[in-house]
Amino acid sequence: MAKIPFKSFLYLMQKRLLTTSPRLYSSSLPSSSSTLSSPSYTTQFLVKSCGLPLDSAVSISQKFNLDEKKLQNHESVLEFLKSHGFSDTHIAKLVSKHPRILQAAVDRLKLKIEYLHENGFVGPVLHSVIASNPTILRRSLDKHIKPSLDFLKEFLDTNEKIVTAVKRGPWLLSFDLKGILKPNASLLMEEGVPHSKMSLLIALQPRAIMQNVDKMVYAIEMTRSFDIKPTDLAYVIAIAVILSMTKSMWQKKVELYKKLGLTEVEISKAIKRQPRVMVCSEEKIKSLMDFFTNTMKLKPSVIATYPNLLLYSFDARIQPRFNVLKILASKKLLPPHKKIAWLLTESEARFLTNYVTKYLDQVPDLMELYRGVKKTNL
């Protein structure tokens, strides 16, 4: 950030403070000109040394103040962060979220950073995680950071997996370990979720175990109502989906599916097979259901049998495959016993082999149709 000349800085400070915080200059304060002419040390340090915008610095300085006598310590913290590769952008973001970092003891920061290094948090990963959640550096190394990483090591067997999980949920290293993380993990394991599925949940959806315990209890009860086995992958997916939605959002999505022709039993069937159908956007659900029922002439009950259809991309998968299958059907090349909905779910390799390249002799432009190069009027 370019340095601001002191006179310009002083002018901006006076203007900002006078327009946004008139109470700072009430009649109870000394009326000498020196009071108005001296910008806040905290604000000045945040702007000139930490790179914060003036508005942000003024806002922070109204709630938090640095001791000018400890300037050397504040500068030492910044030098320490820079020596570990934190950029000016990282530092500005970190300080704006957690200005008290400037009051930290550098020797303690060093121990925490070194421990994180030992556990795979290095370079850009370290910078990103700390800038996203500077609260990590406020936590005690022995009482919180180490126990939190030990907890993650119970489920994730490599530093790489731990780092990936923390990148997805930086609060894992600062969250309430005894009051939330451990109780939630215990609830799921007591329900019968195996270690392997717990590992997947924490690695891929770490925010799920950071929810309040009462919400986890609710999610478990909801998942149980769909008769999903705790040993199935769908179980932890359902847990994560339920925890990501409010009750009103969930009910609204249920009502949408009903409006589009599915019964409650069919909705439950779809959720049991693929819980992610509840996080599809309303726009996507309406658009795909319209195509499936009106263009492809599928019954809503078929979608409940093949709920993954609602997760696929229309442009990249549904439309190209439908074009191919309709051409094949029109030429009587499609085996009559094949269910078109099921064919939409086949892997890319199998579909390409069995329904595109296999018929290129009979339909030379089939590949172009599949790739979207050629359009069809069918």
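**Salt bridges, a buried helix face and a nonpolar patch**

E282 is partly exposed, with a relative accessible area of 27%. I begin with this residue of a predicted model and turn next to its partner.

The side chain of E282 forms a salt bridge with that of K252, at 3.5 Å from N to O. Because E282 belongs to helix α17 (residues 282–295) and K252 to helix α15 (residues 247–259), the pair ties together parts that are 30 residues apart in sequence. K252 itself is exposed, at a relative accessible area of 53%.

In the whole structure, the search finds ten salt bridges. Another of them joins E264 and K258, with an N to O distance of 2.6 Å. Here E264 is exposed at 51% relative accessible area, whereas K258 is partly exposed at 29%.

A further bridge links the side chains of E346 and R350, at 3.5 Å from N to O. E346 is buried, with a relative accessible area of 5%, while R350 counts as partly exposed at 47%. Through shared partners, salt bridges also join E255, K258 and E264 into one network.

Which residues of helix α8 are buried? In this helix, which spans residues 123–132, they are L126, H127, V129, I130 and A131. The buried residues of α8 pack against α6 (88–97), α7 (106–118) and α10 (159–168).

Finally, I come to the surface. L200, L204 and L233 form a nonpolar patch there, with about 250 Å² of accessible area together. L200 is located in helix α12 (residues 195–204) and counts as partly exposed, at 37% relative accessibility.

How values were computed:
Residues numbered from 1 in each chain as written. Predicted model: local features only at pLDDT ≥ 70, side-chain atom pairs only at ≥ 80, totals over all residues. Heavy atoms only, no water. Patch = residues over 30% accessible without salt bridge, like charges linked within 9 Å, V, L, I, M, F, W, Y side chains within 5 Å. Areas by Shrake-Rupley, 256 points an atom, 1.4 Å probe, with all protein chains shown as cover. Salt bridge = Lys/Arg side-chain N within 4 Å of Asp/Glu carboxyl O. Helix = DSSP H or I, 4+ residues; strand = E, 2+ residues; numbered from the N terminus. Buried < 20%, exposed > 50% of the residue type's maximum accessible area, 1.4 Å probe, protein only. Contact = heavy atoms within 4.5 Å.
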